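I opened my notebook for a first walk through this structure. Here is what I looked up, entry by entry.

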Amino acid sequence: ASNLDYLIIESTYGNREHGALQDSENQLAQVVRETVARGGKVIIPCFAVERTQEIVYALHRKTEAGQLPSVPIYVDSPLAINATDVFRLHIECLNQDLRNHALAHDDPFGFHGLAYTRSVDDSKRINTRPEPCIIISANGMCEAGRILHHLKNNIEDRRNTIVFVGYQAENTLGRRIMDGARKVKIFGDEYTVHAQIAVANGFSAHADHSELIDWVNQVKSTLKGVFVVHGEPESSLAFAAD
């Protein structure tokens with residue numbers, strides 16, 4: 001972009017950096033290894049469109065590299081499954097790494113050990129399985145959807161880990177859990193958070209502070225003003241001050 005008079009820019013991570021994608025992929029693999037070693041489940045609240053597919057891709061690559069133990073992986077979200085079907089139909093729209101990956105595999109979003117669950121009965125059966133597994137389920141901020149059932153059934157088990165891979169807005173259940181709440185309400189009942197909590201925010205689609213500043217610096221010569229939006233007040237004000 002050039003010759004801009006006014007810029008409207010988001011500020012979700014306007015006051016902080018998030019980890020690099022590669023670091024977050026390595027962190028996710030480490031969390032899976034540690035959780036499986038203690039006999040637990042990895043629960044990943046995940047946005048259905050794009051984020052779920054990114055996580056599946058990351059798990060696929062880590063599995064091929066021998067960096068993950070052999071455990072079942074479930075994508076438990078009808079919307080995420082429908083979105084994944086669209087991704088499969090439009091490989092040409094993916095980035096080069098994903099296109100290369102797709103060319104080397106019959107199904108770029110499917111591999112041994114990975115199962116997509118559509119029906120309610122299949123979803124319920126996941127929580128009756130005693131062995132370690134990975135559950136990817138929507139919605140990403142834990143405000144609705146099947147993820148609530150997985151949290152209810154797993155949040156009080158010390159062997160388990162809940163991994164947040166996306167931004168958690170203020171006043172959401174996901175944010176309360178991520179911020180260290182010891183007691184949370186799910187479907188009106190109170191649960192004690194005994195599961196381990198991990199954050200891998202390098203998967204976020206939002207630019208962090210440095211990336212935002214770099215973008216502004218590229219166009220600032222002609223700017224008459226900048227409108228900072230889409231961020232919590234603390235984040236937006238800190239970014240505006242810079």
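Predicted model: local features only at pLDDT ≥ 70, side-chain atom pairs only at ≥ 80, totals over all residues.

**Entry 1: Gln-22.** I found Gln-22 in helix 1, which covers residues 21–37. Next I asked what Gln-22 is in contact with, leaving aside its neighbours within four places in sequence. The list has Arg-61 and Lys-62. I also looked up Phe-203, which is 181 residues from Gln-22 along the chain. Their C-alpha atoms are separated by 9.0 Å.

**Entry 2: the largest pocket.** I then turned to open space and noted about 320 Å³ in the largest pocket. Which residues are the closest to its centre? I wrote down Leu-21, Glu-54, Tyr-57, Asn-95 and Leu-98, out of 17 residues that line this pocket. Helix 1, helix 2 (51–64) and helix 4 (96–103) each supply at least two residues of that lining. Helix 2 gives the largest share, with 4 residues. Sorted by class, the lining of the largest pocket holds 7 nonpolar, 5 polar and 5 charged residues.

**Entry 3: the second largest pocket.** Here the space comes to about 150 Å³. I listed its lining as Val-120, Ser-123, Lys-124, Asn-127, Arg-146, His-149, His-150, Lys-152 and Asn-153. Which elements give two or more residues to this lining? They are helix 5 (120–128) and helix 6. By class, I counted 1 nonpolar, 5 polar and 3 charged residues in the lining of the second largest pocket.

**Entry 4: the nonpolar cores.** From pockets I moved on to packing. The largest nonpolar core has 34 residues, and I asked which of them touch the most other members. The answer is Ile-44, Ile-55, Leu-59, Ile-134 and Ile-136. The elements that give two or more residues to this core are helix 1, strand 2 (42–45), helix 2, strand 3 (73–76), helix 3 (78–89) and strand 5. Not counting residues up to four places away in sequence, Ile-55 touches Leu-28, Ile-44, Cys-46, Ile-136, Val-165 and Phe-203. There is also a second, separate core of 19 residues, and among them are Cys-133, Leu-148, Leu-151 and Ile-186.

**Entry 5: the cysteines.** How many disulfides are there? I got a count of 0. Cys-46 is buried, with a relative accessible area of 1%. Cys-133 is buried as well, with a relative accessible area of 2%.

Entry 6: A reminder to myself first: most residues other than glycine have a negative phi, and most peptide bonds are trans. With that in mind, I looked at the loop between strand 5 (134–137) and helix 6 (147–154), where Asn-139 has its place. A cis peptide bond joins Ala-138 and Asn-139, with omega at about 10°. Cys-142 is in the loop between strand 5 and helix 6 too. Cys-142 is not a glycine, yet its phi is positive, at about 65°. Is Cys-142 buried or exposed? It counts as buried, because its relative accessibility is 1%.

Phe-187 also has a positive phi, near 55°. I located Phe-187 in the loop between strand 7 (183–186) and strand 8 (189–192). With 47% relative accessibility, Phe-187 counts as partly exposed.

**Entry 7: Glu-234.** My last stop was helix 9 (residues 233–241), where Glu-234 is found. Glu-234 counts as exposed because its relative accessibility is 62%, and the cut-off for exposed is over 50%. I also looked up Ala-144, which is 90 residues from Glu-234 in sequence. In space, the two are 27 Å apart, C-alpha to C-alpha.

Notes:
Residues numbered from 1 in each chain as written. Heavy atoms only, no water. Buried < 20%, exposed > 50% of the residue type's maximum accessible area, 1.4 Å probe, protein only. Disulfide = S-S within 2.5 Å. Contact = heavy atoms within 4.5 Å. 1 Å grid on protein atoms, 1.4 Å probe; cavity = no way out; pocket = protein on both sides within 12 Å on 5 of 7 lines; lining within 4 Å. Points joined across faces, edges and corners; volume = space filled by probe spheres on them. Nonpolar A, V, L, I, M, F, W, Y, C, P; charged D, E, K, R; others polar. Core = buried A, V, L, I, M, F, W, Y, C linked by side-chain atoms within 4.5 Å.
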